[in-house]
Amino acid sequence: MTAPVDDAETRIPFAAGPGEQSAGVSADAQDEREPEDPRHTPAGDIPGPRAESDPTVVPVGSAPAPETETGKPEQSPSEDPGVGTGEEPPPAAEHNAGTPAQHGAPQVDVHADTNQGLMVGQWFESVQRHSGAPLRAKWVDQQLATYLPIKNETEADERLKRDRVLVLVADGLGSGRLTAALRLLHTRDGVRLTLRRVRRETGDSFSMEGLRGHKETGWILDLRDPEESLPATCDLGLELCDVDDLENDGSYLIVLVGTELWKRIGHDAGSLALVPQPPDGVTLFVHYLTRSGVTNPSIWAEDHRFSKDLPRLRPGQIKKWADAVALSESQYLAAAGGRSELSKEGFEKVVQTAGHVLSGWIDVLADWHSFGTRTSYERNYLLLAAVYDGEPIEGVHRKIASLATGFGEKGERAEPLSGQQGPGLIQLARQIEAEPLPDGSIRFPGPGFAEAVVRYFWRDRPELIDAFTKWTGQLCLELKHPQGSQLAARMAPWVLHHVQATRKTRLLRLVVTGWAADENLAPHAHELLVAASLDPQIAQMTLKAIGAWESHAESTAELQKTLARVFQSLAPVHPQRMLRRLGELALSREPGVAEAVGEAINHLWGDDQLRPKLLPILTGWFGSGQESLRTAAGSAFMNLALQLDDSGQPALLGTSGTPVADWVLGGWRAVLEADEPSNLVRRACIVWLDAAAVHDHATERTLDTLVRAVHETATDNLRGQRFLNLVRLAEHWMLQGGALDEEGRNAVRADLMRRANLADPHRAQTRSGPTGV
């Protein structure tokens with residue numbers, strides 16, 4: 001069983017690193033969510049988070065994932081660190097390279113893993129989940145697999161049954177609203193409901209009328225976003241009391257909201273509100289430890305260093321503590337030869353390690369770096385080993401020298417050592433307090449250590465961030481695929497955690513700009529930005545930042561093309577904002593950007609809810625005075641023109657007996673007015689003329705559409721250019737088309753040219769067709 005913990009409030013992009021929670025980011029603004037009051041860590045001799053010295057430490061959120069036999073974190077099916085995941089207890093690991101948690105993601109459930117296809121699938125599914133699509137039953141079951149009820153669940157259930165609407169009001173991370181809502185809506189009166197989130201953007205009004213017609217549906221209206229600007233004049237309270245449609249459909253609605261917002265907008269609906277009461281902290285701690293496979297979980301809860309603080313922690317914080325203990329114990333037992341139980345000494349060691357995990361290893365790293373004889377060679381090796389996450393490093397001395405050179409170091413420190421100069425691998429490992437393993441990898445002092453090293457460097461040497469980012473980006477490019485992509489996947493959550501902690505997006509931009517320039521790394525740049533844009537703590541900051549990047553003078557064409565794909569991915573969640581961003585991006589004069597925007601519009605066309613919003617945008621771009629907008633519209637239209645229906649005819653032709661849509665004529669007209677047809681236009685014309693050649697019932701509609709696109713205008717402006725390009729396209733099809741033989745294609749081409757000439761309003765009575773017609 002699991003205590004309900006807000007998914008959007010406790011998850012972190014890919015996964016929370018040691019000593020931090022799922023953080024959202026806004027371009028420059030502070031997170032408006034309730035901050036953690038005390039930075040809780042077990043009392044006594046456990047090194048805890050230090051608010052004064054470590055601003056990156058935030059005590060609520062997900063801890064590193066349970067490890068697998070390879071020493072890497074096990075991916076959790078849950079996107080909520082406070083929600084029961086149904087995971088098996090962590091098996092004894094052969095060794096642990098100190099990999100930070102890389103599983104789970106706020107809002108998007110993205111796991112930072114080397115399997116790129118898996119990551120794409122995860123964030124795609126999560127985008128769908130937040131777009132109003134039904135929540136998959138499997139996902140809901142995963143969230144509730146180990147559910148531990150809130151104390152007042154019975155009261156909540158009775159209220160929902162009576163009123164059809166329930167408002168769960170709470171503040172802060174880990175309060176349990178979403179998980180409790182899933183539990184309450186999962187099954188009503190023996191019927192399993194279809195669960196959906198109400199599709200809306202922050203600040204949009206809400207009407208119960210929009211829920212009408214969805215039978216046996218459990219609706220979730222999520223108003224937890226710190227940027228939520230629903231006005232007091234929206235009459236939300238009155239709307240929530242109008243439940244006739246819900247009753248007729250056999251449906252229910254739960255609203256998730258914070259205290260202050262509810263005070264502002266909940267007039268006349270106070271009886272619908274309920275504050276979820278989390279389970280007992282000690283019981284919950286033991287429960288989490290048991291689920292993680294910790295030996296003798298009760299002794300941890302009884303230890304004074306834990307028991308004194310557990311009652312005042314929220315479920316998300318308790319989950320974090322439990323995860324830190326589970327990972328620390330798992331690694332300790334694996335290093336001790338696979339023992340099944342801890343000795344007294346081992347217990348103390350695990351307590352100490354768990355404290356370091358929660359604090360982000362800040363004290364350990366500060367002491368190590370300040371050691372009197374510490375050299376830059378040792379510091380560079382520690383950083384390099386962390387970048388490789390403890391994996392074997394080929395040509396280690398050469399790479400250390402390369403990193404030193406990247407940092408601007410001169411002389412011998414920037415020269416690769418040869419022969420037996422300098423320390424060997426065993427000495428190097430021990431100098432960074434790691435354990436060398438027989439396969440050439442190293443075991444770091446504890447979970448999350450590698451990420452902690454990188455983040456310590458970012459904070460300790462901010463003047464070197466640019467150089468380090470360029471160096472790691474170049475390393476990703478130099479490593480053979482898929483090693484380079486694996487390194488990028490490992491770095492991605494670290495970058496996100498840095499953004500969460502610093503509340504700045506500068507490093508994020510540096511990384512994605514570099515990755516966007518490489519075809520193997522560009523997908524990682526896209527995934528990184530999507531994850532950041534869906535993180536509930538950094539989403540608004542990221543969305544504001546990438547909106548500024550699209551028009552920034554220093555933004556490369558590759559970055560802008562990546563942004564087009566990002567806006568496409570986010571459109572189902574933020575339709576109005578992302579469509580506007582695509583329109584702004586389409587104004588770019590950088591090569592290939594308008595085409596990328598067109599491709600994005602094409603991909604979004606399949607969304608039935610977005611298509612009505614896309615159509616006026618597309619038609620407006622056709623007639624724009626901005627060449628880049630016309631190019632983007634043309635690219636989008638041509639991609640749509642390539643689509644065929646079940647009979648093999650162009651889908652845009654529509655059904656026989658109905659006129660071809662005016663906007664389809666406008667699309668062809670716009671692309672025919674270019675100086676010369678693009679390759680995409682040539683491909684689309686081949687598809688259309690092939691269909692006209694082999695489908696008799698499509699011939700008339702196809703040829704008539706192309707001719708009308710040339711001549712059916714109010715003025716003669718560019719009529720000659722359109723006709724010239726139609727001639728070019730027809731001749732290209734005659735040579736490259738796939739239908740009929742060349743003689744047959746020439747006959748169709750001649751018919752098209754004859755029709756075009758006859759339709760010319762200025763055609764002289766004695767004018768004949770072009771030569772060869």
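Begin by selecting residues 217–222, strand β5, together with residues 252–257, strand β6: five bridges join these two strands, which run parallel. Strands (E, at least two residues) and helices (H or I, at least four) are DSSP runs, numbered from the N terminus. The model is a predicted one, in which local features need pLDDT of at least 70 and side-chain atom pairs count only at pLDDT 80 or more, while totals for chains, interfaces and linings use all residues. Residues are numbered from 1 along each chain as its sequence is written, and side-chain values use heavy atoms, with hydrogens and water left out.

Next, select Gly218, whose bridge partner in β6 is Tyr252.

Now display the whole sheet. It is open, has five strands in the order β4-β5-β6-β1-β7, and its pairing is parallel; two strands pair if DSSP finds at least two bridges between them. Strands β4 (194–197) and β7 (273–274) are the edges, each pairing on one side only.

Then select residues 177–186: helix α5 lies across β1, β4, β5 and β6, running at about 175° to β6.

Move on to helix α16, residues 396–406. Which of its residues are buried? They are Val396, His397, Lys399, Ile400, Ala401, Leu403 and Ala404, with buried meaning under 20% relative accessible area (1.4 Å probe, protein chains only). Their cover includes α15 (376–387), α17 (425–431) and α19 (465–478). Just after α16, Gly408 takes a positive phi of about 85°.

Continue to helices α28 (residues 627–641) and α29 (residues 662–672), whose axes come within 9 Å and cross at roughly 120°. The two helices are therefore oblique to each other, a term for angles that are not under 35 degrees (roughly parallel), over 145 (roughly antiparallel) or 65 to 115 (roughly perpendicular).

Finally, show the entire protein. Its secondary structure comes to 33 helices and nine strands, and buried residues make up 59% of its 773 residues.

Conventions: Contact means heavy atoms within 4.5 Å. Axes are lines fitted to C-alpha atoms, for helices over the stretch in contact, and angles run from 0 to 180 degrees between N-to-C directions. Buried means under 20% relative accessible area, exposed over 50%, partly exposed in between (1.4 Å probe, protein chains only).
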